[in-house]
Structure formats: C-alpha cells, structure tokens
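Work through the exercises below with the structure open beside you, and try each task before reading its solution.

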Amino acid sequence: MAGVLMEREKSMFSISYNDRLKTYRRFMHQSFNPIAAQMFWEVEEQEARILVENILESPEGLFQHLRRNAAAVIMKIAYGYPVTSNDDHFVAIAEEGIKIASLASAPGKWLVNSFPILRFLPEWFPGAGFKTKAREWGRILYEQSLEPHEWAKEQLRAGTAIPSFTSALLQSSDGTFVDAEEEDKILWCSGALYFAGADTSVSVVKSFLFAMMMYPAIQRQAQEEVDAFFASENRIPTLRDQDAFPFVGAILKEVLRWATPAPFGLPHSTSQADSYKGYYIPGKTSIMPNIWAMMHDESVYSDPFSFDPTRFIGENPQTDPRDYAFGFGRRICPGQHLAENSIWIQMVLVLLTMTITKATDTDGKIIEPEVAFTTGLVSHVQPFKYQIVPRKTAASSLMLTR
Ligand code: HEM
C-alpha cells in the first residue's frame, strides 16, 4: 500500500538496499555527519530561543510550540525555508503527509499487504476503493516534497538561497546545477527529512519536560548545572558547550531510554535466509527490532522503569541508549547528530528559563499525571497537565532581553 500502490518505491522508507539508497545515504552522511551537522547549530540555537520565548508567552500552547520548533528546524535545514507562523503552508502539507503516511503504513490495516494479488483489481471493482485512495495519497505525498523543493530551487536561481541540504546538493561549487536524475534523488531525500525528524524530536522534548515535572529533584540538579555554567562563563550556553554539561547529557540519554521514541524502529526485511542464535529466519521475513525491550532490559538497566540519569555517570555507566534509539547497521538513523543537537539546546534553554511543575485543580490539589505512552511508529507521552513557572535569574533575563 505505502510503496507500490502509492508509487513511493523511491521513498527512503520503502526503498531496498540498492545503489539509489546508497546515494541517499551518501547525501545524508555528507550533510549530517557530526562535523557537517555543526553548520546547522545556529539554526537550532535560534529556534530553541524562539521556543522558550513562545512557551513563556503562552504556556498553554506548549505542545504546539514544540511542533512549531521541530517544523522550523527541519524546513530550514532541508530547504532553507523560514517558518514564521503556526499556520505555515509547507508545514501544514507536511503534517497532512505524516497523517497519510502513518495511515498508509499502519500494520494490519490494508488487506493488500497480506494478499498482494489484490493490487491487480481494477479501481472500479467493489472493495477496491483502497486503490483510488492509494493513487490520491501518493499524489499528495509527492506534492508535499515537490513544493518546498521547487521553492528552494527558485531561491537558488534568484541568488537568495539560505544554505541548506537541498541547496548544497542541487548546485555544485562552480554554480552548475545537477542533472534531472540527480535532482530527483535529492527531492526524495529531502522529502524524507520532515517525516523522519519532526515527530521523533517532538516526542523526545515532550518526554523530557514530562520527566522534569515528575522528578523535580532531577530538574533542580540540572538547573544547578546550567546556572553554574552561567555563573562562571557569564554567557548563555551554546551547542559548542555540550561537554560542560554531563548531567544534562545524562538526562538526554535517560529520556531516550525511559521514553523510547521509536519503540520498534522501522520495519526491515531479510534479503536472504539467515540464522541467529539458533533461530532460522527465512528470506523476505519482516523484522522489527524491539528497541523498547532493549531499553527496559533489567539485565542491562537496573530498575528500568525508574527515571535515573545517574545510571550513565560515574565509574561504571550503564550501556549508552543512543546505541539503540536510532536503529542499527546500514540503515541507522542519519539524522542522529542533528536530532541530539537540536534536543540538547532546547533542554538547556528550557532549564535556564523556566521550571515545569504538576498542575493543580481548582481546589489547589496537585493533579497526579499517569505515566503512559502512545503506541505507533513514534511513541509520545500521553497528553498531561502542567504548570510553567518562569525563572527569575540573571541568565534568564539576559537571554530573554536579547
Ligand atoms: C530523536 C530523534 C530521532 C530518533 C529517535 C530517530 C530514530 C530513527 C530510527 C530508529 C530509525 C530506523 C533505523 C533503522 O532502520 O535501523 C531512523 C531512520 C531514519 N531517520 Fe531518524 N530519528 C530521529 C531523528 C531524525 C532526524 C532529525 C532526521 C533527519 C532530519 C532523521 C532521519 C532519518 C532517516 C532519513 C531515516 C531512514 C534511514 C534509512 O532508512 O536508511 N531522523 N531514525
């Protein structure tokens, strides 16, 4: 359904391991490896500042502000496109695309995935409405990638392009444009970034805020680390300061473990028969890595359901969850460094400027939130009530008056 019928075999998420995929991976590695990803630090820092300003201005819109941040960071990185409002056209179509893609790839929803022969039914045949749907959805998803791509190309031609993933690949240093075949690969690649990066990043920052609310002593300790940096350096932290924040770093690891954002990674398929620890696995078997189970394995993580960043600090740190959270092998997430940077700077600026606490009801009684997560390709903490208390510190006022 989500591949052949929607004509999305060229999509990064449907494509098998072949030369075209190798080109996609090369493009992404070129732009998003740890050193190259530094090119996007400024965008991530600027957008994190806008995020905290927005939260302090209208805390009731917290979840919407997080989405806006992820959208703005990705659209800038992918196309050099500035998102300036909450009802941005490109963001709206990308969000619609995410909804369609999750429906189209929902396990068990489409009979044609179990009985591929059904794809030969004519569209007018009773019960073959899925074919019309697939054609229409395929068109919408393609346009969702095409429109911002054309916009970026136009900016390049006009000489007004902001450096981005698309602009860097479309035009070589001597000013010549790539050929149509190469351009098609770039279009499909950029089109994958929003799908892969927006919802996952939002999930992690939301879980971070939830954890800070549930574990106030940990929030306080993290704020002390951030405050101590400001006291000694007299400036707002930036992405180049990450090493100076071991406790914040440990919190990021613990959020990725405790609230596993992609619990089953992405589904894969064996290209040939194999055996693993005595289990025979036939060729073309669907494989879904149970990342959630790895993150909650008692033999690796003591007391796995408690949120405890200190498990990653000291003489014998427990296994780094970043080794699993972003998948495995040759399909490992190419946006890992980008994501970690963007999430880290949001965490630090939030800790610097505000405290998140549990909400109270009209009688002043604390509302105890349930610790529960949604299922799906990307898992989110269930919506929760909260209170945001602005921090009146010198660092906070310095940052917010800039
Ligand atoms: C915290 C945020 C993120 C998490 C937890 C995450 C996690 C993952 C996981 C588990 C996979 C599947 C890997 C596998 O198949 O073994 C994946 C694939 C992918 N991710 Fe991420 N990701 C995140 C952010 C991003 C960002 C920001 C981008 C790019 C802007 C991105 C781009 C991709 C792409 C393109 C793939 C498909 C790679 C392929 O199939 O070869 N991700 N990600």
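**Exercise 1.** How many salt bridges does the count come to by the rule used here?

Solution. The model is a predicted one, in which local features need pLDDT of at least 70 and side-chain atom pairs count only at pLDDT 80 or more, while totals for chains, interfaces and linings use all residues. Residues are numbered from 1 along each chain as its sequence is written, and side-chain values use heavy atoms, with hydrogens and water left out. Start from the rule, which asks for a side-chain nitrogen of Lys or Arg within 4 Å of a carboxyl oxygen of Asp or Glu; by this rule the count comes to 19 salt bridges. Next, look at one of them, in which Asp184 pairs with Arg20 and the closest N and O atoms are 2.9 Å apart. This pair links distant parts of the chain, since Asp184 sits in helix α8 and Arg20 in helix α1, 164 residues apart; helices here are DSSP runs (H or I, at least four residues), numbered from the N terminus.

**Exercise 2.** Find which residues come nearest to the ligand, and describe the shell around the ligand.

Solution. By class, the shell divides into 17 nonpolar, six polar and two charged residues, where Ala, Val, Leu, Ile, Met, Phe, Trp, Tyr, Cys and Pro count as nonpolar, Asp, Glu, Lys and Arg as charged, and the others, Gly among them, as polar. Helices α1 (19–32), α8 (180–214) and α13 (336–353) each supply at least two residues of the shell, and α8 gives the most, with five.

**Exercise 3.** Identify the polar contacts (pairs of N or O atoms within 3.5 Å) that side chains make with oxygen atoms of the ligand.

Solution. Take the residues one by one: for His268, an N or O atom of the side chain is 2.5 Å from a ligand oxygen. For Arg25, a polar side-chain atom lies 2.7 Å from an oxygen atom of the ligand, and for Arg331 the distance between such atoms is 2.8 Å.

**Exercise 4.** Which protein donor does the iron atom of the ligand have?

Solution. Donors are N, O and S atoms within 2.8 Å of the metal (3.2 Å for Na, K and Ca), and sites may look incomplete because water is not among the atoms. The only protein donor is Cys333, through SG, at 2.3 Å. Cys333 is found in the loop between α12 (322–325) and α13.

Notes. Near = heavy atom within 4 Å. Polar contact = N/O pair within 3.5 Å; in protein donor to acceptor, adjacent residues only side chain to side chain.
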